[in-house]
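Please open the structure in a viewer and keep the selection panel at hand.

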Amino acid sequence: MHSGYSKLSGFISLFIVQIIFLVLYWVYVRYDVEALPKDDVPETEGNGLKEEHVSKYPQFQDIHVMIFVGFAFLMTFLKKYAYSATGFNLFVAALTVQWAILIKGFIKMEDGMIRMSLENLIDADIAAAVPLISMGALLGRTTPIQLLFMAIIEVALFAANEYVALDILSITDVGGSITVHAFGAYFGLAVSLMLRPTKDKNVAGKHEGPSYNSDTFAMIGTLFLWIFWPSFNSALADGADAERAIINTYLSLAAATVTTFVLSAIVSHENKLDMVHVQNSTLAGGVAVGSVCNLLIGPHGAVLIGIVAGTISVLGYRYLSPMLTSSLRIHDTCGVHNLHGMPAVISAIFSAIYAALAKKDDYKSTLEDIFPAMADSQQIESSTNATEIILGGYGRTAGQQGGYQLFGIAMTVAVAIVGGLITGLLLKQTCIRNLNKEEQHEDEQYWEVPAEKEC
Amino acid sequence: MHSGYSKLSGFISLFIVQIIFLVLYWVYVRYDVEALPKDDVPETEGNGLKEEHVSKYPQFQDIHVMIFVGFAFLMTFLKKYAYSATGFNLFVAALTVQWAILIKGFIKMEDGMIRMSLENLIDADIAAAVPLISMGALLGRTTPIQLLFMAIIEVALFAANEYVALDILSITDVGGSITVHAFGAYFGLAVSLMLRPTKDKNVAGKHEGPSYNSDTFAMIGTLFLWIFWPSFNSALADGADAERAIINTYLSLAAATVTTFVLSAIVSHENKLDMVHVQNSTLAGGVAVGSVCNLLIGPHGAVLIGIVAGTISVLGYRYLSPMLTSSLRIHDTCGVHNLHGMPAVISAIFSAIYAALAKKDDYKSTLEDIFPAMADSQQIESSTNATEIILGGYGRTAGQQGGYQLFGIAMTVAVAIVGGLITGLLLKQTCIRNLNKEEQHEDEQYWEVPAEKEC
Amino acid sequence: MHSGYSKLSGFISLFIVQIIFLVLYWVYVRYDVEALPKDDVPETEGNGLKEEHVSKYPQFQDIHVMIFVGFAFLMTFLKKYAYSATGFNLFVAALTVQWAILIKGFIKMEDGMIRMSLENLIDADIAAAVPLISMGALLGRTTPIQLLFMAIIEVALFAANEYVALDILSITDVGGSITVHAFGAYFGLAVSLMLRPTKDKNVAGKHEGPSYNSDTFAMIGTLFLWIFWPSFNSALADGADAERAIINTYLSLAAATVTTFVLSAIVSHENKLDMVHVQNSTLAGGVAVGSVCNLLIGPHGAVLIGIVAGTISVLGYRYLSPMLTSSLRIHDTCGVHNLHGMPAVISAIFSAIYAALAKKDDYKSTLEDIFPAMADSQQIESSTNATEIILGGYGRTAGQQGGYQLFGIAMTVAVAIVGGLITGLLLKQTCIRNLNKEEQHEDEQYWEVPAEKEC
């Protein structure tokens, strides 16, 4: 009875959120000039999307597939949780993208209006990845209402942290390993810590595990994420930088994949391959190369990073995750710490190293595109942003930039953990329904499931 | 015996259709000039596809995924009909695209030849959506031969109606909600009415329903349709209009999705989410914004339309469809009335409203691209198309254009219903095999199904 | 015991291969100039990827989906082999792409360095198709270690044969039907011949067959291959040639599909459709048009080729494959001979015919792009490549070019068969673990499979 009422009130409050979004869009959001009709004069510009967007729309759609098919099916690996994996993924992402456009728009607002173009959609999709990563840590142990409210808080925090990291501290993170992957993973783990069972009934849920079929569905997710990761990492780069990001991500993923298979066989029982590793650790190469994929790491650098990422991810699944569960009672259903968390930290460390080695002679005119704070001192004069100058925004040395990279990941992890702990505390409030152990990892709590014997 | 003979003769007649297509292509179809080798002179044009097509090929491929994966898997939700859903979808679409190129080519033929370019492929894919939508209404209740012959008739009627609506009446319908979705849905429903069981044995088929597994497969279809809908709606627009179409479709889908989840929980049994709603009503936002997505509806307009679409679609599934089945005995297996029919009518109504509000000051030079009949009177002089002038083709006011939009949807629905009724009558002829109640909604009638116990 | 040791040593030797790759990348591979930062001067070139690559990245991603999702899921049709189909496909492809970049780079090396750009990734993906096609012939009958070592040998041979065919003999093969599909198919069949059971226990494996579910998963593979085949065939063409390649592939696939359904019903038991045909023969249209899709075959030529391909492929599955199994004991699990082998030979024959008919008046300036050896004799003077002149590289007549096309396919099939026989012999060595009959076509040998009853 109480349960039904709580469910209903949760959904109704989400509807109110949607109505609030409508009002905010009405008041604050307008098309950007490039999406508006032009005056007659410049006829030549009228044909086709703005050049930049011609090249970005296909990459946007690749990312769109990652968010809505990739994450969705990757999470179908639980044997009785496919409706929730695909459905809640869609629900969370559809709410988040609307919210991300608003919150990121408010942060960067200039004339009191948020101006929408294709770029906002790419940013919104990337932002949606953040709560979906956290959802992976919590998969099966929350109600949809908890997930949705977590997503709303998390995306606001993410947007603020990202603004500080990229726009104030000028760290480089083109593939979002620091701001997206590390943030999403550690936030989710912190929420998971808060939601851990109060007593020590730390047995695995009876439905927590894959079936042959659910593991096959999960491969749909893995493969689409794997395929389109070069688009994710290169979407915010341009020109030769984008091409390097594509090449490096491709090579890192390939090397991580070979490493994953080999190590999975070596560390697993009877040297049999483990689908958990294949579904997840193969992707760690995409995360680990994220922050450096547009740098001059060389094709061999990408291969090396892939090998490191695959190794650490498989070892994390095999040894670290069970330890975290047993010692800290942190459940991590999808193992996001091994797929997103640790590889993102590795990426940040590599970014510090490569930043510290960056030279004007190598990067030429793109040095200032990639590391805006390393623009030389003559340009300080023309800067109008006092904050950036105070923070050493301009004229940084390569070594300083390396330090900033490390500070960026430290800050991000700290904000994510503190934010996650507080959010987890809120989600445990008695006014919000929590799932019992018996209700976890199965669809029946929230879905009408066909009566026939399910297999 | 008779059944086997009838099956065989049906397939053989389809082969004859394919041979006729071959002959028609041989006689009438040639490459368009842009797909032909050029003379040596303009070297610069030789590099890469024609500019327009550079930007359209990725969108074409997105639509291609919608037609061949999206529709196919969306229809796998029936527990014993996955071969037919994916197989017949492919069969119908492969025949239809060849036919659509011919029939649309004949209608617009100029020098006695049909000229093929990438554009024809996009048009053909969009045309294939029409019989596939109708197939959704009939899913599991027809033989493949009935489906294929229905598709041949329907696509011819569709092409004629589309020509009248867009080229003669100059209505605006960039996403095809009127000409594609409304036509396909009401045509299919009319066929369904004709094929309803003669006696009142109106019980649901014993195989009509999902399994846990089939519902998961169906989500593949839903998600790819959801993801690529902005490409469908924007494929025929250019420049800033295309970018608005993308943005509006994205927002409308997101808002419809949140609304669908919320309303599904509110109206369903025990407030549990219903996969039928999640699979279908989430997409209603793409249909409802179709006819207006390139207009200046504002981001908030898109969100509003999404909320309306999700609401009407869920309520349609919950209340209207059971009524139509019980009162008129119109079966609608996939609920195309709630996904395509009603949202398309809503889209048409919105298009009338926004057309009536269209001002030259807002749309600037694009007014005549979007509403060709609103080109100002000076341009009448240079027009060579007498029909358009007679029909008030030029110099329309915004209010008149709004009226034409309403006439467009009314005509389309009328043509679809009358055409569907006549087609349904033809398909019931005794020379064509019909399925018995017991043969419905299962693959075994037309497929070799593995002998093992199926789950 | 021995088995465990053999498994482990196999995986460890693959890890050594990955480390060797790392060293080779370190020493030999650098970014191509287009992926490197530019000097300041030409500002306009800095915006966006190089023009050519703007248009190629979406096509690259389409091919990427074909290789990693298309091939993977097409091979899930066996009821107990989905982990291996999707997993080993990923493993083989991830190793192969790294290797293909190296080996193709070494062959075309100019200044002692391999220069990487997006083009290398497209080439690597296409090369990955070769061992995956062979894997289809062997599916379920090899260990992953055998597959991986086969892939390494095969890709080296493929690259050498392709270099001779395209660069020395100047045959035309834009869609790779000759160099990719024929090579992969006949190589795989030759390996299969060597790995056939020594005694005559030629019964089908007990797990060799589909389930309802596995057949549905396989349709994911079929449909994505079907959809993106136009990208595969057109990726290496430009301008109008690419547009023709897209149009012709689209039409050929559509016609092959209709033909496949019709013939499947005609030749199958009780005139029921056979999923094997639908999953595979529908794709034969893409292979059969591959070598000629950029030629002036006309839309009707494409439809005709599709009809021929669908016919031969279905008849091959129905009649030829059982004969090959019973007479030569060549197993061909996926029927690659019917999907890749015979359609590729047909494509080569068509390419000889169309090449022999090629006229300067029709192809204009593109004649020399498509048939470089038919460049007129005046250009011989400026040639610096003695080999090409000796081989009749320049000034070929159309008839001669037709002959070269036939020589190209003959050489390719011969190299593939001899190479496959030798490779098969190597894979049978006692130091490499072979699967027993009872261990075939099931995942449990190499995967941790959930204990629950599988369905």
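Begin by selecting chain B and chain C together. In this predicted model, a rotation of 120 degrees, with 0.0 Å of shift along its axis, places chain B on chain C with an RMSD of 0.0 Å. The two copies are therefore related as by a three-fold rotation axis.

**First stop: chain B against chain C**

Keep both chains selected and display the residues where they meet. Here 73 residues of chain B are in contact with 64 residues of chain C. About 6000 Å² is buried between chain B and chain C, and carbon and sulfur atoms give 74% of that area. Now select B:Tyr31, B:Pro37 and B:Glu448: on the chain B side, these residues lose the most area to chain C, and together they make up 12% of what that side buries. How many salt bridges are there between chain B and chain C? The count is zero.

**Second stop: chain B against chain A**

The area that chain B and chain A bury between them is about 6000 Å², with 75% of it on carbon and sulfur atoms.

Select chain A and switch to a cartoon display. Chain A contains 16 helices and two strands. What share of the 455 residues of chain A counts as buried? The share is 65%. Chain A exposes about 14800 Å², and 61% of this area is supplied by carbon and sulfur atoms. Next, display the contacts within chain A: among those between residues at least 6 apart in sequence, 81% join residues at least 24 apart.

**Last stop: a helix of chain C**

Return to chain C and select residues 82-108, which form helix α3. At 1.5 Å a residue, the 27 residues of this helix should span 39 Å. The C-alpha atoms at its ends are 38 Å apart, which agrees with that expectation. Is α3(C) largely enclosed or largely open? Of its 27 residues, 24 are buried, so the helix is largely enclosed by the rest of the structure.

Terms used. Residues are numbered from 1 along each chain as its sequence is written. Chains are lettered from A and ligands numbered from 1 in the order in which they are written. This is a predicted model: local features need pLDDT of at least 70, side-chain atom pairs count only at pLDDT 80 or more; totals for chains, interfaces and linings use all residues. Side-chain values use heavy atoms; hydrogens and water are left out. Helices (H or I, at least four residues) and strands (E, at least two) are DSSP runs, numbered from the N terminus. The expected span of a helix is 1.5 Å times one less than its number of residues. Buried means under 20% relative accessible area, exposed over 50%, partly exposed in between (1.4 Å probe, protein chains only). Contact means heavy atoms within 4.5 Å. Accessible areas come from the Shrake-Rupley method with a 1.4 Å probe; for residues, only the protein chains shown count as cover. Copies are superposed by least squares on the C-alpha atoms of residues with pLDDT of at least 70 in both. Buried area is the accessible area (1.4 Å probe) that two parts lose on being put together, summed over both. A salt bridge is a side-chain nitrogen of Lys or Arg within 4 Å of a carboxyl oxygen of Asp or Glu.
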